[in-house]
Structure formats: structure tokens, C-alpha cells
Amino acid sequence: MIKLNLKDKPLLKKFYDVLAEKDAEKILILDMAKTSMPTDYFFICTGNSFTHVGALRDSVIEALGDTDLKIIYYDKGKDYDWLVVDAGEMVFHFFTRKGREFFALENLWIEAERLEP
């Protein structure tokens with residue numbers, strides 16, 4: 001895992017802080033530059049319930065309104081183990097504990113550098 005100084009990446013810090021303030025668990029940032037994905041970063045985090053996962057999604061959507069990033073897609077449902085917000089340069093993945101363990105998304109992208117704030 002690469003230690004990242006978030007002061008050098010204000011947009012990453014902004015969204016890390018948004019998630020941390022909403023008590024997201026196991027926040028992970030993947031640098032997708034060395035992958036075939038057409039995005040710069042994945043944010044992966046865990047919520048402790050369906051309601052919490054939805055609240056994490058909603059807080060990121062709200063925070064995106066203060067940036068130049070445009071929402072391309074987001075899951076509008078509730079009571080799912082995995083919700084996504086695609087903002088082009090950044091894609092946010094919100095999981096329940098069960099969903100994160102089952103899908104193990106971070107294990108699919110082993111070539112991506114893990115950034116630790």
C-alpha cells in the first residue's frame with residue numbers, strides 16, 4: 001500500500017473526508033491508472049447497514065455538486081449490498097459488509113495501487 005499525502009490531491013481528500021465524516025468503514029482508494037478502466041480512481045468503502053450505504057452514496061452525490069465532476073450514473077435503489085456512483089474520473093463503490101466480502105472488488109484490481117491516506 002502506498003502512503004498518500006492527501007494534501008497533494010485535494011479532490012481525493014475532499015471525498016475521503018466526506019466518507020470519513022459519515023463513518024464509512026475501510027475506506028480504500030485505488031489508483032486505476034495502470035488498469036484498463038477508463039477512470040482515475042476507485043473509492044471503495046463499507047457501510048454498516050443498507051440505510052448507511054445509501055447515506056454514504058447520498059453524501060458523495062451532494063459533495064459532487066461542489067466540484068467540476070459530472071455524475072454519469074448512480075444507483076438510485078436502496079437495500080442493495082452494492083451501490084455505485086460513477087463520476088467519470090472517480091467511481092465510488094459503497095458496500096454492506098456482506099457485499100464487500102462477497103464481491104471482493106479490491107481483489108479484482110490487484111494491479112491497481114492502493115492509496116492509504
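At 9% relative accessibility, Arg100 counts as buried, because buried means under 20%. Keep in mind that this is a predicted model. The partner of Arg100 in a salt bridge is Glu106, and Glu106 also counts as buried, at 16% relative accessibility.

A search of the whole structure finds 6 salt bridges.

| Salt bridge | Closest N and O atoms |
|---|---|
| Arg100 with Glu106 | 3.1 Å |
| Lys34 with Glu113 | 3.1 Å |
| Lys14 with Asp66 | 3.9 Å |

Lys34 and Glu113 form a salt bridge. That pair links distant parts of the chain, 79 residues apart: Lys34 lies in the loop between E2 and E3, and Glu113 in strand E7. Lys34 is exposed, at 60% relative accessible area, while Glu113 is partly exposed, at 28%.

Lys14 forms a salt bridge with Asp66. This pair, too, links distant parts of the chain, with Lys14 in helix H1 and Asp66 in the loop between H2 and strand E4, 52 residues apart. Lys14 counts as partly exposed, at 27% relative accessibility, and Asp66 as exposed, at 62%.

Now to helix H1 itself. Which residues of H1 are buried? They are Leu12, Phe15, Val18 and Leu19. These cover an arc of only 130° around the axis, so they sit on the same side of H1. Pro10 and Glu21, on the other side, are exposed. The buried residues pack against strands E2, E3, E6 and E7 and helix H2. Just after H1, Asp23 takes a positive phi of about 60°.

How values were computed: Residues are numbered from 1 along each chain as its sequence is written. This is a predicted model: local features need pLDDT of at least 70, side-chain atom pairs count only at pLDDT 80 or more; totals for chains, interfaces and linings use all residues. Side-chain values use heavy atoms; hydrogens and water are left out. Buried means under 20% relative accessible area, exposed over 50%, partly exposed in between (1.4 Å probe, protein chains only). Helices (H or I, at least four residues) and strands (E, at least two) are DSSP runs, numbered from the N terminus. The arc is that of the directions from the helix axis to the C-beta atoms. Contact means heavy atoms within 4.5 Å. A salt bridge is a side-chain nitrogen of Lys or Arg within 4 Å of a carboxyl oxygen of Asp or Glu.
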